[in-house]
Amino acid sequence: MVFGVLGGVVGALVIVLWWLFFSRAAWVERLGAIALMIVALYATSRIIDKSIATGAMGMLFPSWAIPS
């Protein structure tokens, strides 16, 4: 289970690093996409139901929201 969770996190990190440094998109688009993801996570965390916000000791939303 640990390898599965860490593998998902490492895979997501590899995709973000590829997007930032090896993509052919313009820098504005690269940074804008990362910023939009962060803003979307924050905005969603403010409006989700209490059962999701407090589920799994507060880690339910982050574990489901961040693709892995």
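**Exercises on a predicted model**

**Exercise 1.** Which residues does Ile48 touch, leaving aside residues up to four places away in sequence?

*Solution.* In this predicted model, the partners of Ile48 are Ala53 and Phe61. Next, locate Ile48: the residue lies in the loop between helix 2 (27-47) and helix 3 (50-54). Then consider the pair Ile48 and Phe61, which are 13 residues apart in sequence, with their C-alpha atoms 8.6 Å apart in space. Finally, classify Ile48. Its relative accessible area is 22%; partly exposed covers the range between under 20% (buried) and over 50% (exposed). Ile48 is therefore partly exposed.

**Exercise 2.** Determine which residues make the nonpolar surface patch, and which elements supply them.

*Solution.* The patch, of about 830 Å², consists of Leu13, Leu17, Trp18, Phe21, Phe22, Trp27 and Leu31. Two elements each give two or more residues to this patch: helix 1 (2-21) and helix 2. Helix 1 contributes the most, with 4 residues. Consider now one member, Trp27, which belongs to helix 2. With a relative accessible area of 48%, Trp27 is partly exposed.

**Exercise 3.** Is the protein a compact globule or more spread out?

*Solution.* Begin with the secondary structure: the protein has 4 helices and 0 strands, in the order α-α-α-α along the sequence. The radius of gyration is 14 Å, whereas the globule rule gives 11 Å for 68 residues; the value is well over the rule, so the protein is more spread out than a compact globule. As for dimensions, the C-alpha atoms fill a box of roughly 40 × 30 × 10 Å along the principal axes. Lastly, 13% of the 68 residues count as buried.

Notes:
Residues numbered from 1 in each chain as written. Predicted model: local features only at pLDDT ≥ 70, side-chain atom pairs only at ≥ 80, totals over all residues. Heavy atoms only, no water. Buried < 20%, exposed > 50% of the residue type's maximum accessible area, 1.4 Å probe, protein only. Contact = heavy atoms within 4.5 Å. Patch = residues over 30% accessible without salt bridge, like charges linked within 9 Å, V, L, I, M, F, W, Y side chains within 5 Å. Areas by Shrake-Rupley, 256 points an atom, 1.4 Å probe, with all protein chains shown as cover. Salt bridge = Lys/Arg side-chain N within 4 Å of Asp/Glu carboxyl O. Rg over C-alpha atoms; globule rule 2.2 N^0.38 Å.
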